[in-house]
Amino acid sequence: MPDEPAEAKQPLNAVIRRKASRAQWACGLCFGLLFLMGLSGIASITLLYDSPLYRTGVRGFEATVMNAVVSMKGVIGLIHGWGGYVGILLAGWAGLEVFSFGRRLKRTENPGWRRTGSILSALGLFGAAMLITSLLLLIPSGVAAQGFLSHDTGSIDAPAPVGLTRPSSPQFSDGSSRMVEWHTRELNYLMAFGAIILAYAAARIRRVSLEAKAEMHEEAEPAKP
């Protein structure tokens, strides 16, 4: 472990705060991407109705929303088409950082921190595994689901859903309809549960970081004149 000697030369609380900050950044970036993916998923459904025949009869607030979504079509396509792959990497990074932080806490002399470290190690692995599994399943199910929704709108001349290729001769069945439900409901529940686990872990990490910060201030206080 090459970073052990460097860590040994630093105050414990400084090491804890540095590792906590890195874990919180990893979790925050992961949560941010998941939020953007949710918005892009809703927007991609709206884009299924982006056809001249449909838009000519749209007025008022609905037209404003449609125009706003269409104007961001490229960004939506980028997030919805590639967000799952990036999300897998970020979820793995967040899980490893939480796991690493938990292991570091278990080597401290603080009994409360050691207990928290044992919990965080398990939460990091379990939460990341759930996120990665859900994202891996959302990618292929998204192709089938958006293909089904695209066919269901009846807009043959409408562009293919963003980030996907429209099937040339789709043969839709009850299985395709079920795939839509899995993509828009069950798999999102799984992803949300994994995100909640990591969010709870991030909250515990922040609390430990604040305790370490308070101890650093207490140690520095006697040095003041």
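User: Which residues touch the most other members of the largest nonpolar core, and what makes a set of residues a core?

Analyst: Leu34, Phe101 and Leu131 do, out of 34 residues in that core. A nonpolar core is a set of buried Ala, Val, Leu, Ile, Met, Phe, Trp, Tyr and Cys residues joined through side-chain atoms within 4.5 Å. The elements giving two or more residues are α2 (12–47), α5 (73–106), α6 and α7 (174–220), and α7 gives the most, with 10 residues. Helices here are DSSP runs (H or I, at least four residues), numbered from the N terminus.

This is a predicted model, where local features need pLDDT of at least 70 and side-chain atom pairs pLDDT 80 or more, while totals for chains, interfaces and linings use all residues. Residues are numbered from 1 along each chain as its sequence is written, and side-chain values use heavy atoms, leaving out hydrogens and water.

User: Why is Thr116 called buried?

Analyst: Buried means under 20% relative accessible area (1.4 Å probe, protein chains only), exposed over 50%, partly exposed in between. Thr116 comes in at 8%, so it counts as buried.

User: And why is Leu29 called partly exposed?

Analyst: Leu29, in helix α2, has a relative accessible area of 41%, which is between those two cut-offs, so partly exposed it is.

User: What makes the Thr116 and Arg204 pair a polar contact?

Analyst: Their side chains are 3.3 Å apart. The cut-off is a pair of N or O atoms within 3.5 Å, one able to donate a hydrogen and the other to accept it; residues adjacent in sequence count only if both atoms are side-chain atoms.
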